[in-house]
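Me: I would like to go through the labels attached to a structure and check each one against its cut-off. Please give the value, then the rule, then the conclusion.

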Amino acid sequence: MGLWGDWQASRERRHRVGLYLNHVLREPDAGALAWLTTLTGSPGVAARELTFARRAVGLIVAERDALDDRTAADVAHQLAPVIAAEARRDAAIGREWTDRWREYTSALAVRGSAEPPAARLARVMLTGAGVRQPTTEQHGTATQCVLDMRAALNEQLRAAIGAASLPDDVRPSALRG
């Protein structure tokens, strides 16, 4: 592929990642926002935590469910200016996002836990919202919220970037090299 073809492919890739990122950056689901607001007592806190959760889940989906390794980097690269602009307007929001992202990645990195990853991510979301000791019902609802986010974002990633397809008779590791 020549220089012109590379430029066109890069431009198309940025466009596709931008389509996905538009879904990652959408406003929180009204039902989830109303539910979390009842727990926190503050619509602002609930919206912030749902926004952070959606961004984190969006990055995780891009990393784990994409066709290639570049997708997660491209999504993070296009998300960075959005976060930087928010941090310029309010430095506390930038620090909170950084702290929360570390908590999400730490929760996801836990190995050997009987608790599923979505439940661990839900716990991070609830803790960030100020719910330190959630009831079983609250934790279940938060876990379902995370699962719904993941499913919706996975669908949007597939629509924007494409779905991975592997031959039935070949192991994925055999496709390397």
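Predicted model: local features only at pLDDT ≥ 70, side-chain atom pairs only at ≥ 80, totals over all residues.

Me: What makes H5 and H6 roughly antiparallel?

Reply: Their axes cross at roughly 155 degrees and come within 9 Å, H6 being residues 117-128. The cut-off for roughly antiparallel is over 145 degrees, therefore H5 and H6 get that label. H5 passes H6 in a right-handed crossing. On the H5 side the contact is made by Arg100, Glu103, Tyr104, Ala107 and Leu108, and on the H6 side by Pro117, Arg120, Leu121, Val124, Met125 and Gly128. The classes here are 7 nonpolar, 1 polar and 3 charged.

Me: Why is Tyr104 called buried?

Reply: Tyr104, in helix H5, has 0% relative accessibility. Buried means under 20%, so Tyr104 counts as buried.

Me: What does Tyr104 touch, leaving out residues up to four places away in sequence?

Reply: Tyr104 touches Glu49, Phe52, Ala53, Ala56, Leu121, Val124 and Met125. For Val124, 20 residues from Tyr104 along the chain, the C-alpha separation is 6.4 Å.

Me: How do you know that Arg48 and Glu96 form a salt bridge?

Reply: The N to O distance between their side chains is 3.1 Å. A salt bridge needs such a pair within 4 Å, and this distance meets the rule. Arg48 lies in helix H3 and Glu96 in helix H5 (residues 91-109), so the pair ties together parts that are 48 residues apart in sequence.

Me: Are Arg48 and Glu96 buried or exposed, or what lies in between?

Reply: Arg48 has 21% relative accessibility and Glu96 has 23%. Buried means under 20% and exposed over 50%, so Arg48 counts as partly exposed, and Glu96 counts as partly exposed.

Me: What makes Arg55 and Glu86 a salt bridge, and where do they lie?

Reply: Their closest N and O atoms are 2.5 Å apart, which is within the 4 Å limit. Arg55 is in helix H3 and Glu86 in helix H4 (residues 70-89), 31 residues apart, and the pair links distant parts of the chain. Arg55 is buried, as is Glu86.

Me: How do you know that Arg123 and Glu115 form a salt bridge?

Reply: The closest N and O atoms are 2.7 Å apart, again within 4 Å. Arg123, at 35% relative accessibility, counts as partly exposed. Glu115 is partly exposed too, with a relative accessible area of 22%.

Me: How many salt bridges does the rule give, and which residues are joined into one network?

Reply: The count comes to 10 salt bridges.

Notes: Residues numbered from 1 in each chain as written. Heavy atoms only, no water. Helix = DSSP H or I, 4+ residues; strand = E, 2+ residues; numbered from the N terminus. Buried < 20%, exposed > 50% of the residue type's maximum accessible area, 1.4 Å probe, protein only. Axes fitted to C-alpha atoms, helices over the stretch in contact; angles between N-to-C directions. Parallel < 35°, antiparallel > 145°, perpendicular 65-115°, else oblique. Left-handed = near helix turned anticlockwise from the far one by under 90°. Contact = heavy atoms within 4.5 Å. Nonpolar A, V, L, I, M, F, W, Y, C, P; charged D, E, K, R; others polar.
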